[in-house]
Amino acid sequence: MTSKPGHDPFELEFEADDEFTSPSSDAWRETPMTPATGVDPFADFPPAREPETRDFGGDPLADDLDQPEPPRAQPANPVHEMIASAEAALGEHTLPRITIHVFCAQPETADLVERAAADRRMARAAVVVRMGGLVGAFETYQNQPTPSLVMVESLDPAPQLIAQLDQLAEVCDPGTKVVVIGAANDIALYRELMRRGVSEYLVPPLNPLQVVRTVTSLYADPSAPFVGRQIAFCGAKGGSGASTVAHNVAYSITERLQTGAVLVDLDLAFGTAGLDFNQDPLQGVADALTQPDRLDPVLMDRMMARCTERLSLFAAPATLDNDYDIGPEAYDEVTQKIRSAAPFVVLDLPHLWTAWTRKILLSSDDLVIVATPDLASLRNAKNMIDLVRRARPNDAPPRLVLNQVGVPGRPEIPVKDFGEALGLTPSLSLPFDPKLFGQAANNGQMLCEVAPKSRAAEGIDYLAQQIARRDPPPVQKTSLFGSLFKRK
């Protein structure tokens, strides 16, 4: 067996106790391991490494279930919300184009890694799963170079695991990262592996999201530009009111939750965002899509209309002068650049099916499907939800909003039956209120501006809290004496 020259392939320049300090030059020398007996093995477990640049003003893992539900809104699906909260913790880090080799000791682990490899955040990585564990990895790399990342599973005791890991280090190329999946939940073993330069140590039980999070965190770039959360709104059929819901949710996120957002109207020919916000900008999203390579923060700021202090609008031209034959690459590039402008980006999608709408639906952090309680909406919503579930097995299911419920004289599918047919509990049920919605549309106002105490406005605010996963800031109370002094 010949060792490959070069520096330590497991060297990541940090230690377990302080991951921001450089290790000593003798990182590979043998040291006795002290077992952690009589103490909680998780007492001083190092926290997970998270990128320092993500700050949305709150805990991304905040549980939506603790939020008070409006008395007349449909209840949220608890399982949906727990999955969504877990997914939110992953952020928006995607892997570069790397190769990952995984050597499993158990078939269950191999199946888990296969499911993690199908996640959209690992689309650029080439993942190869093999059996054999740590010993199999050592035998394989004696005759071939190592990839960017090697994940190995070992069920052996700690001393044998360390010895086999030393053998693997001799045949690894410089720069290779190593993740170990072991059976011993031992802090002493964890620290020893970290001291030897192992990137991460995982202990079952695991799920695909944990594997994705571990891998993406290893390649997170702290200098990468800020990336906001993308929420796509799509109607199950034309006239379902998806644009109205999208515009009001974007307004609620900024005004009720006090955070920044950008609303993008992608219905280039018939978009209504400009009308709903009483805006008529000279430039908009169509100009950005025709020259995506020129779009930078300065030009983006000039093209966006300022609706409020925190809400910016990328309006559609809403004219039929052009055919708007724009390729999917332009939509992808523009939406990715817009995500750096605000913590939340709300996309108002038109009711059509193209390559770019499909990609946006599958790549968005949250997908909201707006439907009416009729058979056509039920069929179309089911097709969309089934597609998203197949393509995004590790993500939260789409959110379903039932709009125009209770139209007088119109036969409807009951809300409960509608949700059961889709296997999804509606996040919100909006009543049919033509006077309120018509007045808001004609005045260029939002529902909470026209009737803040209405059922529809309360439901929109609740949906915005679900999507943003945060509570509105507390209302500052003024004292009686303060009011008296203020009057003087």
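This is a short tour of one structure, stop by stop, for you to follow in your viewer. Keep in mind that you're looking at a predicted model.

**Stop 1: the sheet**

Start by showing the strands. Eight of them, E8-E9-E7-E10-E6-E11-E12-E13 in that order, form an open sheet with mixed pairing. Strands of a sheet pair through backbone hydrogen bonds, either parallel or antiparallel. Which strands sit at the edges? Select 305–306 for strand E8 and 428–431 for strand E13: each of these pairs on one side only.

Now pick out strand E7 (residues 261–265) and strand E10 (residues 344–348). These two run parallel, and 5 bridges join them.

**Stop 2: Ala232**

Next, select Ala232, which you'll find in strand E6. Is Ala232 buried or exposed? Its relative accessible area is 0%, so Ala232 is buried.

Show what surrounds it. Leaving out residues up to four places away in sequence, Ala232 touches Leu347, Leu349, Ile360, Ser364, Asp366, Leu367 and Val368.

**Stop 3: helix H17**

Select residues 455–468 to bring up helix H17. H17 lies across strand E6 (229–235), E10, strand E11 (366–371), strand E12 (399–405) and E13, and runs at about 160° to E13. The helix has 14 residues and reaches 20 Å from its first C-alpha to its last, close to the 20 Å expected at 1.5 Å a residue.

Why is H17 largely enclosed by the rest of the structure? Because 12 of its 14 residues are buried. Among them are Ala456, Gly459, Asp461, Tyr462 and Gln466, so colour those if you like. Then step just past the end of H17 to Arg469, which takes a positive phi of about 55°.

**Stop 4: a pair of helices**

Finish with helix H4 (residues 158–171) and helix H5 (residues 187–195). Their axes come within 11 Å and cross at roughly 10°, which means H4 is roughly parallel to H5.

Which residues meet here? From H4, show Ala158, Leu161, Ile162 and Leu165; from H5, show Leu189, Glu192 and Leu193. Sorted by class, this contact has 6 nonpolar residues, no polar ones and 1 charged.

Note on methods. Residues are numbered from 1 along each chain as its sequence is written. This is a predicted model: local features need pLDDT of at least 70, side-chain atom pairs count only at pLDDT 80 or more; totals for chains, interfaces and linings use all residues. Side-chain values use heavy atoms; hydrogens and water are left out. Axes are lines fitted to C-alpha atoms, for helices over the stretch in contact, and angles run from 0 to 180 degrees between N-to-C directions. Helices (H or I, at least four residues) and strands (E, at least two) are DSSP runs, numbered from the N terminus. Angles under 35 degrees count as roughly parallel, over 145 as roughly antiparallel, 65 to 115 as roughly perpendicular and the rest as oblique. Contact means heavy atoms within 4.5 Å. Ala, Val, Leu, Ile, Met, Phe, Trp, Tyr, Cys and Pro count as nonpolar, Asp, Glu, Lys and Arg as charged, and the others, Gly among them, as polar. Two strands pair if DSSP finds at least two bridges between them. The expected span of a helix is 1.5 Å times one less than its number of residues. Buried means under 20% relative accessible area, exposed over 50%, partly exposed in between (1.4 Å probe, protein chains only).
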